[in-house]
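Here are some notes on the model you sent. Please read them with the structure open beside you.

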Amino acid sequence: MFLSHERLLRRDGVGVLLVQGLTNGQIAERLVVSERTVDHHVAAVLDKLGVSSRRQAATVLRQ
């Protein structure tokens, strides 16, 4: 299933906070979820975008 970049940005706010350069710990604190949950969401975003790093994901999501 293809998710648009806009949907990835909105997904639980993880994409937005990823673009802002926050760590998984900081994202978890802001969203009041476990860091492990954020780890899974970030991995899903990277996978869906077909990139291997947070920096690459942020670049793609900013476009």
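1. Basis of the note. This is a predicted model, in which local features need pLDDT of at least 70 and side-chain atom pairs count only at pLDDT 80 or more, while totals for chains, interfaces and linings use all residues. Residues are numbered from 1 along each chain as its sequence is written, and side-chain values use heavy atoms, with hydrogens and water left out.

2. Overall make-up. The protein has five helices and zero strands, and its pattern along the sequence is α-α-α-α-α. Helices (H or I, at least four residues) and strands (E, at least two) are DSSP runs, numbered from the N terminus.

3. Burial and surface. Of the 63 residues, 37% count as buried. Buried means under 20% relative accessible area, exposed means over 50%, and partly exposed is in between, with a 1.4 Å probe and protein chains only. The protein exposes about 4200 Å², and carbon and sulfur atoms supply 50% of that area. Accessible areas come from the Shrake-Rupley method with a 1.4 Å probe; for residues, only the protein chains shown count as cover.

4. Contacts along the chain. Contact means heavy atoms within 4.5 Å. Among contacts between residues at least 6 apart in sequence, 45% join residues at least 24 apart.

5. Helices α3 and α4. Two packed helices are described by the angle between their axes and the distance between the axes. Helix α3 covers residues 24–31 and helix α4 residues 35–49; they pack at an angle of about 110°, with axes 8 Å apart. That makes α3 roughly perpendicular to α4. Angles of 65 to 115 degrees count as roughly perpendicular, under 35 as roughly parallel, over 145 as roughly antiparallel and the rest as oblique. The axes are lines fitted to C-alpha atoms, for helices over the stretch in contact, and angles run from 0 to 180 degrees between N-to-C directions.

6. Residues between α3 and α4. On the α3 side are N24, G25, I27 and A28, which meet E35, V38, D39 and V42 in α4. These contact residues divide into four nonpolar, two polar and two charged. Ala, Val, Leu, Ile, Met, Phe, Trp, Tyr, Cys and Pro count as nonpolar, Asp, Glu, Lys and Arg as charged, and the others, Gly among them, as polar.

7. Helices α4 and α5. The axes of α4 and helix α5 (residues 54–62) come within 10 Å and cross at roughly 65°. From α4 the contact uses V42, V45, L46 and L49, and from α5 it uses R54, A57, V60 and L61. Seven of the residues in this contact are nonpolar, none is polar and one is charged.

8. V42. Leaving out residues up to four places away in sequence, V42 touches V14, L18, N24 and R54. The C-alpha atoms of V42 and S53, 11 residues apart along the chain, are separated by 9.7 Å.

9. V32 counts as exposed, because its relative accessibility is 71%. Phi of V32 is near 55°, a positive value in a residue other than glycine. V33 is partly exposed, with a relative accessible area of 37%. Not counting residues up to four places away in sequence, V33 touches A28 and V38.
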